[in-house]
Amino acid sequence: MIKNKTGNVSGINILTHNILKQQGFNVQPVLLSTRENGYVTKIHPVISDFNYIITQLTIDGETFLLDATENTLAFGEVPFRCLNQYGRLLDFKNGSAWIDIRPKQNSSYLYKDKIILDENLNLNGHAKHVFVGYHGYFKRKELDQVNKQKFIDQLKKKNEEITISNFNIENEDNTEKNYVEEFDFSFAPEEIGGVLYINPFTKPFFKENPFKLSQRTYPVDFGYKDSYTHLVSLELPKNYEFIDVPKNSSYSIPNKLGNVSVIFQTKDNQIMISHRITFNSPYYPSEYYAILKEFFNLIVQIENDTLITIKKIN
């Protein structure tokens, strides 16, 4: 198996368990049902409901969940398909028990964009995008499956209105550090009657609402707590000024389960924009569906319809 680099999930993770146990580590197997397979009934668990096995490692009282099937996972991280609420720990000495399958680290996006309008009315910017937790995992997994140059070319083609150059990736193989993409970009503002219109969010987190149904009878399970932050600075030439700046806004999901906000601060010829989205729970019962749908409507509106208007000073 090791020499040929072949094997199924059970074989690979049981081998991992046995090697660690042989070395004297405190390990137990954990059975679970993947997200695609659905939830396991806790009241009367049936072995046929489970379709996956991972390993729990305990060191100095701290537990880690391990899966050796993917090389893009950080230590203590299991594939996204395993984030299905809970699993069954098989302890043959003290008895089996249910355990929560929860990431130790919150996942997040952090986008920092610095944009400058030049005298030729071109917008030139520098971006640093940081992907933490499972967002870094998804990026590394995507990059692992294609040629690196092809991966970069695909990213450049996602928005044809923006020209990307000097693209660089940091920590693509170091899963213990945050995955980072850094690049320069340029685009042209829309001009109507001497007024320039600029959408500062060149790479929206959500182009459309992922929730399309009018009603939903089952819960929303994102798998992990999540946050999105987009910080933008926009600087104008001295002979230009801001005409209309959108108002600050904020909306919260009841019981402090989430928040979306956007804040605009202007000073002389510069505007600072802070846009944040937080999901304080990975799991939302079905009664939250209508709230989440409206929540995402607001996010899409902020990221796709926000316009900064500027004009030349006479």
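**Working chat on a predicted model**

Colleague: Skip the neighbours within four places in sequence. What is serine 33 in contact with?
Modeller: Gly38, Val40, Asp49, Phe50, Asn51 and Asn84 are in contact with serine 33. Contact means heavy atoms within 4.5 Å. Keep in mind that this model is predicted: local features need pLDDT of at least 70, side-chain atom pairs count only at pLDDT 80 or more, and totals for chains, interfaces and linings use all residues. Residues are numbered from 1 along each chain as its sequence is written, and side-chain values use heavy atoms, with hydrogens and water left out.

Colleague: Where is the place of serine 33?
Modeller: Serine 33 sits in the loop between E1 and E2. The E labels are strands and the H labels helices, both DSSP runs numbered from the N terminus: helices are H or I with at least four residues, strands are E with at least two.

Colleague: Buried or exposed, that serine 33?
Modeller: Serine 33 counts as buried, at 3% relative accessibility. Buried means under 20% relative accessible area, exposed over 50%, and partly exposed in between (1.4 Å probe, protein chains only).

Colleague: What does the side chain of serine 33 reach?
Modeller: The backbone oxygen of glycine 38, at 2.5 Å. The side chains of serine 33 and asparagine 37 are also joined, by a polar contact of 2.9 Å. A polar contact is a pair of N or O atoms within 3.5 Å; within protein, one must be able to donate a hydrogen and the other to accept it, and residues adjacent in sequence count only if both atoms are side-chain atoms.

Colleague: Tyrosine 39 next. Where is it found?
Modeller: Tyrosine 39 is in the loop between E1 and E2 too. Its relative accessibility is 39%, so tyrosine 39 counts as partly exposed.

Colleague: New topic. How many helices and strands are in the protein chain?
Modeller: Four helices and 19 strands. Of the 314 residues in the chain, 43% are buried. The C-alpha trace spans about 80 × 45 × 35 Å along its principal axes.

Colleague: Which are the buried residues of H1?
Modeller: Asn13, His17 and Leu20. They cover an arc of only 70° around the axis, which puts them on the same side of H1. The arc is that of the directions from the helix axis to the C-beta atoms.

Colleague: What covers the buried residues of H1?
Modeller: The cover includes strand E1 (26-32), strand E2 (52-59) and strand E3 (62-66). Just after H1, glycine 24 takes a positive phi of about 95°.

Colleague: And helix H3 (residues 148-157): which residues are buried?
Modeller: Phe151, Ile152 and Leu155 are the buried residues of H3. Down the axis of H3 they fall within an arc of 95°, so they line one face of the helix. Helix H2 (134-144), strand E8 (163-170) and strand E9 (179-187) are among what covers them.

Colleague: What happens at the start of H3?
Modeller: A side-chain oxygen of asparagine 147 comes to within 2.8 Å of the backbone nitrogen of glutamine 149.

Colleague: On to cores. Which residues touch the most other members of the largest nonpolar core?
Modeller: Leu234 and Ile277, in a core of 53 residues. Helix H4 (residues 289-305) gives the most to this core, with seven residues. Another core, of 15 residues, lies apart from it; Tyr52, Cys82, Leu89 and Ile99 are among its members. A nonpolar core is a set of buried Ala, Val, Leu, Ile, Met, Phe, Trp, Tyr and Cys residues joined through side-chain atoms within 4.5 Å.

Colleague: Last one. What is phi of aspartate 60?
Modeller: Near 50°, a positive value in a residue other than glycine. Most residues other than glycine have a negative phi. Aspartate 60 lies in the loop between E2 and E3. With a relative accessible area of 81%, aspartate 60 is exposed. Lysine 256 also has a positive phi, near 55°. The loop between strand E15 (249-253) and strand E16 (258-267) holds lysine 256, which is exposed, with a relative accessible area of 72%.
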